Amino acid sequence: MMRGVYGASGFGREVMPLVRQQYKSEETSFVFIDDGITAKSVNGHDVLSYEDFLSHNDDDKSVVVAIADSQIRERIEQKCLNDGIQISFLQSETVLIGDECEIGAGFILCGFVQLTSNLVIGKSFHANIYSYVAHDCLIGDYVTFAPGVKCNGNVHIGDHAYIGTGAILKQGTPDKPLIIGPRAIVGMGAVVTKDVAADTVVVGNPARMLQAN
């Protein structure tokens, strides 16, 4: 068996130990996949080009796509699926998931992430260390949480949104959820108390629009 971490930069190096932990009971080789670096190995693991990984003679191969940029992540996942490569999920042993939590394929949940209850999350969700998603949230596809994001209850987040380190999303209500639009960016440490429009960047406390994408 061969398990690949697609991306040998910072996030990929962070999640490789979690991949080894998740598949520790298998006879497995672990590699990085990265066409953008010349190093032959990183942290003791071989670095393969995508073509080399694809042509490897192991019939049981899968990848965890550790790419923060959600648009690139989507393209890579589609390329892998087109080539018959399975996209794996990744879940740290310290993750806590409560009742009635639905999450799509290809997610990465890093250490001490918590999903509380009654929420729906789309595919390829990335939640970095110490982030949480509270009750009755609805999160789209390819959403990224940097470390320490606090997503309180009744928040709706659109596809490809990025929530920066330490951001706080105020709790909405069942009849008026807090809405973060598709492709919006919430800056590091922002405190979001009002809806954020699609394709905008917000920063500060309280969060205010910085610029349109």
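Colleague: Which helix is the place of Ser70?

Modeller: Ser70 sits in helix H3, residues 70-82. Helices here are DSSP runs of H or I with at least four residues, strands are E runs of at least two, and both are numbered from the N terminus. This is a predicted model, where local features need pLDDT of at least 70, side-chain atom pairs count only at pLDDT 80 or more, and totals for chains, interfaces and linings use all residues. Residues are numbered from 1 along each chain as its sequence is written, and side-chain values use heavy atoms, with hydrogens and water left out.

Colleague: Why does Ser70 count as buried?

Modeller: Buried means under 20% relative accessible area, exposed is over 50%, and partly exposed is in between, using a 1.4 Å probe and protein chains only. Ser70 has 9% relative accessibility, so it counts as buried.

Colleague: What is Ser70 in contact with, leaving aside its neighbours within four places in sequence?

Modeller: Tyr142, Thr144 and His160. Contact means heavy atoms within 4.5 Å.

Colleague: And Val95, where is that found?

Modeller: In the loop between strand S7 (90-91) and strand S8 (96-97). Its relative accessible area is 9%, so Val95 is buried too. Not counting residues up to four places away in sequence, Val95 touches Leu109, Cys110 and Val113. The C-alpha atoms of Val95 and Ala197 are separated by 30 Å, and those two residues are 102 apart along the chain.

Colleague: What makes strand S1 mostly covered?

Modeller: S1 covers residues 2-6, and five of its five residues are buried. Met2, Gly4 and Tyr6 point one way from the strand, Arg3 and Val5 the other way, and all are buried.

Colleague: Which strands does S1 pair with in the parallel sense?

Modeller: Two strands pair if DSSP finds at least two bridges between them. S1 has five bridges with strand S5 (residues 61-65), in the parallel sense, and five with strand S2 (residues 29-33), also parallel. Val5 stands opposite Val64 in S5 and opposite Phe32 in S2.

Colleague: How do you know that S12 and S15 pair?

Modeller: Strand S12 (residues 119-121) and strand S15 (residues 138-139) share two bridges in the parallel sense, and at least two is what pairing asks for. Val120 stands opposite Leu138 in S15.

Colleague: What is the order of the five strands in the open sheet?

Modeller: S9-S12-S15-S18-S21, with parallel pairing. Strand S9 (101-103) and strand S21 (178-180) stand at the edges with a single partner strand each, so one side of each has no neighbour in the sheet.

Colleague: How many helices and strands are in the protein?

Modeller: Three helices and 25 strands.

Colleague: Why is the protein called as compact as a globular protein of that length?

Modeller: The radius of gyration is taken over C-alpha atoms, and the globule rule is 2.2 Å times the number of residues to the power 0.38. For 213 residues the rule gives 17 Å and the protein comes out at 18 Å, which is close, so it is as compact as a globular protein of that length. The C-alpha atoms fill a box of roughly 55 × 35 × 30 Å along the principal axes.

Colleague: What percentage of the residues count as buried?

Modeller: 48% of the 213 residues.
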